[in-house]
Amino acid sequence: MKLKEVTEGKVRIFVPDPTGYMVEGKFDPSWAPVFYNPKMTFNRDLSVIVVSILKPKIIVDALSATGIRGIRYYVESWKSEQLILNDKNPNATSLIQINAKNNGIENAKIYNKDANALLYEVKSDYIDIDPFGSPAPFILSSLNAATRNGIVAFTATDLSPLEGSSPTSCRRKYDAINHKLSSSKELGLRVLIGKIIREAAILEKTVYPLFSFYADYYYRLFVRVENGARKADDNINKHLKYFGECPRCGFQTFVEENCKTKCPVCGEIFSIIGPLYIGPLYSMEFLKRIMDLYSNFNYLTSFNRIQKLLNVIEKEARFKNVFYNISKLASKLKISAIPPIESILECLGDASRTHFAPTGIRTDKEYEEITKCIKSL
Ligand code: SAM
């Protein structure tokens, strides 16, 4: 394998040299014998911050590829008692051996196993699932491996099923009815969490989101795992519902059932998706800890972007409602000139932007107040 050395955060690692794996002058990280995607540095940078707060005893990087993620956690976040790095690709595990050693990590346990097999053998308080595409095949095993109050981190790059562009794929992978709605960027994350809650319930466990975000072409989600059939039932009863958007007037709301329901504003039948998670996407306490600590990581190349994202999330996290996509809402209301988002925020008073969409606003104010503001500007 032709290798080159790259620096990311505070580590230097060997990755396949892209020049050796070009096809017609183009390179896709999935064409190389071991996967390394520099576009995921932002995901890893933010995860380094999260892990530095969590300080887990046993880190399991179940789908390691070059080992970059787990190695960075160990070097930059926290020297855990155990570091487990795994990949089913033997080229990857050979590279992980080299990369761990070159970064001064002598005691990492490096496995060449199917992640699901590994996750039924270990117990851990921090498990990272960073797959190609959907994390669905690894949900049950990772939750099984999580100790009480342990954390599982998921990356999902399969946005088309989650955001409703591929409804049949969503039905297959996430057992949810889905199609594209105005706020699908957020609803996709909620569909994923809904699936994780239902899988956890099989094990008489449940999960609560600690921190989550959407970026580029993926979701990143950290959940805390709790044990107990009762907690699993309570979370399902309280937080698993459906979501309805009126195709005519754009009114949106959570609904109990997937059945024909009339929009209370204009009487049209709702477009409904779900089941999905309707609770908070962040632990406010954990978010505060991130806000207090992240400036220690100003060496990160994506520091400015992290700062921007966290500032928006800090503001939007206190609202319970799904965001309204103002450009989509305005077009439903047949308003051709969309007012500036800042003016709508000013008009509403208690509202914020959302990191999910540049034309989104988040507020717990009523639909009528939002449309009144849009029409008056
Ligand atoms: N976490 C890495 C990072 O941050 O650079 C990237 C991981 S890459 C997206 C997914 C990895 O999962 C690949 O290296 C692939 O070989 C591995 N993989 C896919 N299916 C697997 C399975 N069932 N068990 C173990 N590894 C698997």
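Let's start with the rings: a search of the whole structure turns up 17 aromatic pairs, where rings of Phe, Tyr and Trp (its six-membered ring) pair if their centres lie within 6.5 Å. Take phenylalanine 211 and phenylalanine 222, whose rings sit 6.4 Å centre to centre with 35 degrees between the planes, which makes the pair tilted (planes under 30 degrees apart count as stacked, over 60 as edge-to-face, the rest as tilted). Phenylalanine 211 belongs to strand β8 (residues 205-215) and phenylalanine 222 to strand β9 (residues 218-227), eleven residues apart; strands here are DSSP runs of E, at least two residues, numbered from the N terminus.

A word on what you're looking at: this is a predicted model, where local features need pLDDT of at least 70 and side-chain atom pairs pLDDT 80 or more, while totals for chains, interfaces and linings use all residues. Residues are numbered from 1 along each chain as its sequence is written, and side-chain values use heavy atoms, leaving out hydrogens and water.

Now for the ligand. Around it are 18 residues, and Arg44, Leu63, Asp87, Ala115 and Asp130 come nearest (near means a heavy atom within 4 Å). By class, this shell has eight nonpolar, three polar and seven charged residues, with Asp, Glu, Lys and Arg counted as charged, Ala, Val, Leu, Ile, Met, Phe, Trp, Tyr, Cys and Pro as nonpolar, and the others, Gly among them, as polar.

Which atoms meet up? A ligand oxygen is 3.0 Å from a side-chain N or O atom of arginine 44. The protein covers 92% of the 600 Å² of accessible area that the ligand has on its own (Shrake-Rupley method, 1.4 Å probe).

Methods
Polar contact = N/O pair within 3.5 Å; in protein donor to acceptor, adjacent residues only side chain to side chain. Helix = DSSP H or I, 4+ residues; strand = E, 2+ residues; numbered from the N terminus.
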